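Dear colleague,

Here is the structure you will be working with, sequence included. My notes on it follow below.

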Amino acid sequence: TVSVVLYTSDLRVHDHPPLRAAHEGAWEVVPVFVRDPAVDRAGFAVPNRLAFLADCLADLDRGLKDRGGRLVVREGDTVTEVLDLVRQTGAGEVHMADGVTRFARAREARLRRVLEADGCRLYVHDGVTDVVPAGDLTPHGSDHFAVFTPYYKRWADVPCRMPLAAPGAVRVPSDVRSERMPRRSALADVSPGLAAGGEREGRKRLGSWLSEHVDAYEERHDDLAGDVTSRLSPYLHFGAVSAVEAVHRARKRGGAGAEAFVRQLCWRDFHHQVLAARPEAADADYRPRHDRWRRGADMEADLAAWREGRTGYPVVDAAMRQLAHEGWMHNRGRLIAASFLTKTLYIDWREGAHHFLGLLVDGDVANNQLNWQWVAGTGTDTRPQRVLNPVRQGKRYDPEGSYVRHWVPELAGLDGPAVHEPWRLTALDRAAFDYPDPLVELSDGLARFRRGRGVA
Ligand code: FAD
């Protein structure tokens, strides 16, 4: 017997329920990844994520080869390609992970229809991407949690399934055609500081981070220059690291830092369960605030300055330049840059979310769109009118100014926290720095936001 394992954003061999189930139920397995142009059209095909994906696929192929198998890569419509494999190999089962986006759900429904008409069964495994599957926890009277803390309290009590070992051997039929593996080196416009992808890299990072750095996490996770967070987000996004395994290993490690890390992992599941219940929140306000977002040439000019990291607010510019250089940004930077765009510049959160998705290696519909909505006050934040002051945030989370000096070299000559307020220098001193004046006074930005949103 033959089973097909359809890989999507779960690119690993360890703790992989679909691979495990296929391996146990069939003599031969066809692990396949389909490069589907529909995924690209839905906004996935940006250089940073394609580059990371190429690394993940190459490493998955290696992981399967170590076990006597290989990864089959196809290009085309996912359903057509899977059906072709099923017919060619006579497979009786297809196994895959579940997904929460509209795209994933429509793909799954189509696949089920087509396969069942052909006499093949589709098994959709949950708990592959999330720790607690979307929809498993619901508050009284609703289909999802709209507030994080009560969700976390329930989530933390759910017994989490044990991680699965990778199968010892994977037998793949020899006559199955595969396209060439995509190569990272063939891609243009990849951020120069982009991390290397792949399961081995992700597992190495998880191991070293838990053994060497996690203890500092609770106290220092907001420290921009310290950079002590795990940087596991792209590996989790592509499924090169299992969130279930990360939770188990962190709990085993124990301590306040590990606990804070597990709580942070819960945010992924939280956003996934919101999006699964409200798929339209990918583009529409989760809680409509009837904003009169700015439009027109002035707005476009401010948006361009924000994108390019020349707003005149050093910590905002530093964060935006980190994003361009690494395809990744520190969480505190994301909060500051997003608050600045939506509240200080009063520009629609969708503009910011779109720019982030164009660069973020961990760019993810649920986590990106819903975090943007959280900051914009149109999402699940219980304090929707809160505005982060970029100067105070900079002084608090980059007290020595070294994060800013690293990413905004024009200001490297300024010592200590003075780097957060270059406008305080004398005109003569300022002329020495080729750095723009602030786009807007913070008090003017605040007044405009309040007027637009109709907040007294
Ligand atoms: P750590 O601090 O080490 O946290 C561990 C893991 O927990 C992360 O890898 C991530 O998987 C998860 N996590 C942490 N915080 C959040 C959060 N607020 N929401 C969801 N998951 C979280 N994260 C993404 O994975 N993809 C995105 O597209 C994304 N877009 C964002 C946009 C904005 C405007 C904001 C404010 C946040 C966004 N985040 C996104 C969440 C968060 O910034 C990143 O997950 C985090 O910075 C990744 O760094 P890390 O792996 O070192 O995180």
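**Around the ligand**

Of the 28 residues around the ligand, the ones that come nearest are Thr229, Ser230, Asn331, Asn368 and Asn371; a residue is near a molecule or strand if its C-beta atom, placed from the backbone, lies within 6 Å of it. Helices (H or I, at least four residues) and strands (E, at least two) are DSSP runs, numbered from the N terminus. H11 supplies the largest share of the shell, 6 residues.

By type, the shell has 11 nonpolar, 12 polar and 5 charged residues. Here Ala, Val, Leu, Ile, Met, Phe, Trp, Tyr, Cys and Pro count as nonpolar, Asp, Glu, Lys and Arg as charged, and the others, Gly among them, as polar.

This is a predicted model: local features need pLDDT of at least 70, side-chain atom pairs count only at pLDDT 80 or more, and totals for chains, interfaces and linings use all residues. Residues are numbered from 1 along each chain as its sequence is written.

**Domains**

The chain is divided into domain 1 (2-129), domain 2 (130-160 + 199-277) and domain 3 (297-453), with bounds from an automatic or database domain assignment. The ligand lies between domain 2 and domain 3, because both give residues to the shell around it.

The centres of domain 2 and domain 3, taken over C-alpha atoms, are separated by 26 Å. Between them, 18 residues of domain 2 are in contact with 19 residues of domain 3 (contact: C-beta atoms, placed from the backbone, within 7 Å). On the domain 2 side, H9 and H11 are the elements that give two or more residues, and H11 gives the most, with 5 residues. That side divides into 8 nonpolar, 5 polar and 5 charged residues.

**Nonpolar core**

The largest nonpolar core has 115 residues, and Val4, Val30, Val32, Leu57, Val94 and Ala319 have the most contacts inside it. Such a core is a set of buried Ala, Val, Leu, Ile, Met, Phe, Trp, Tyr and Cys residues joined through C-beta atoms within 7 Å; buried means that 20 or more other C-beta atoms lie within 10 Å of a residue's own, with C-beta atoms placed from the backbone. H11 gives the most to this core, with 9 residues. Leaving aside neighbours within four places in sequence, Val30 is in contact with residues including Val2, Val4, Val72 and Leu85.

Regards

How values were computed
A residue is buried if 20 or more other C-beta atoms lie within 10 Å of its own, exposed if 12 or fewer, and partly exposed in between; C-beta atoms are placed from the backbone. Two residues are in contact if their C-beta atoms, placed from the backbone, lie within 7 Å.
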